[in-house]
Amino acid sequence: MYNALLKAIKRLLMSLGALLLLAALLFIAGNLWVVTTTAAYIEQQPLQCRPDKVGIVFGTSHWTRSGVRNPHFHARMRTAAALIEQSQVEHLLLSGDNRTKAYNEPRAMWRDLHRRGVAAERLTMDFAGFSTYDTLARARDVFQLDKALLITQSWHLPRAVFIGRALGMDVTGCVADDPTAGVEWGLKVREWAARVATLGDLYIWNRQPYFLGSPEPIRLPKRTLIDLILPSLDERLISPSLKP
């Protein structure tokens, strides 16, 4: 009886070990899949990012839990404003969480970008971007985007780009890192787990956004021939090679 119990415990431990090993392999393989298949679509330098009509800025808290300014939030706003200033994007979709009156990520992004000189007509707020998946699904189905430049941190972009392209969107990523801010281990582990969960969302349980609603296409102003000519004329006028 005693020997039989020991054998049963041994078999159980071996089975648990095999399951843990399999889970670890799937965890690593899932992360490698997400990272390697999206690397070609992510640009580390904002000024080298692929120009696009619309940039999607992912929401995050304005402040950290310790009460200091969140460097990830400000890096995203700084990069988004620079892309507008350099005419690499014409419009920004600000997507984030707005579940309570006291916490409003899109409104905080709008205020910050407006202070940085981005005109109000270049900003659209999405108040139901409760997750990365929801943001991209709503960008496609509600805001009618099939192509966009994604603006967020380097650790977040592989998952965001992977989701966007899995949803049939032609998306690329523009890194919005703050070189002075490190990434906490807890955040890294959470992102690794989120990448694996994303594979389940997309290919196993067919996740749906928390809230969709009616289509609200982003209307971009039509550019006239003069709009296209004037920038090139301005460049020629300030070009050092044309100075006397």
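Predicted model: local features only at pLDDT ≥ 70, side-chain atom pairs only at ≥ 80, totals over all residues.
Local features need pLDDT of at least 70 and side-chain atom pairs count only at pLDDT 80 or more, while totals for chains, interfaces and linings use all residues. Residues are numbered from 1 along each chain as its sequence is written, and side-chain values use heavy atoms, with hydrogens and water left out.

Helices (H or I, at least four residues) and strands (E, at least two) are DSSP runs, numbered from the N terminus. An open sheet of 6 strands has the order E1-E6-E5-E2-E3-E4, with parallel pairing; two strands pair if DSSP finds at least two bridges between them. Strand E1 (42–43) and strand E4 (123–126) are the edge strands, each pairing on one side only. Strand E5 (residues 147–152) is joined to strand E6 (residues 170–175) in the parallel sense over 6 bridges. Leu150 has Gly173 in E6 as its bridge partner.

Helix H4 lies across strand E2 (52–58), strand E3 (89–95), E4 and E5, and runs at about 155° to E2. Axes are lines fitted to C-alpha atoms, for helices over the stretch in contact, and angles run from 0 to 180 degrees between N-to-C directions.

Helix H6 packs against H5 at an angle of about 10°, with the axes 10 Å apart. The two helices, H5 and H6, are therefore roughly parallel to each other (angles under 35 degrees). In this contact (heavy atoms within 4.5 Å), residues of H5 including Phe162 and Ile163 meet residues of H6, among them Ala194 and Leu199. The contact of H5 with H6 holds 8 nonpolar, 1 polar and 3 charged residues. Here Ala, Val, Leu, Ile, Met, Phe, Trp, Tyr, Cys and Pro count as nonpolar, Asp, Glu, Lys and Arg as charged, and the others, Gly among them, as polar.

The axes of helix H1 (residues 2–38) and H6 come within 9 Å and cross at roughly 80°. H1 and H6 are therefore roughly perpendicular to each other (65 to 115 degrees). Their contact has 9 nonpolar, 2 polar and 1 charged residues.

The largest pocket contains about 1000 Å³ of space. A pocket is an open set of points on a 1 Å grid over the protein atoms alone where a 1.4 Å probe fits, with protein on both sides within 12 Å along at least five of seven lines; lining residues have an atom within 4 Å of a point. Grid points are joined across faces, edges and corners, and the volume is the space filled by probe spheres set on the points. Of the 38 lining residues, Gly59, Thr60, Trp155, Leu187 and Arg190 are the closest to the centre of the largest pocket. H6 gives the most to this lining, with 8 residues.

Notes: Parallel < 35°, antiparallel > 145°, perpendicular 65-115°, else oblique.
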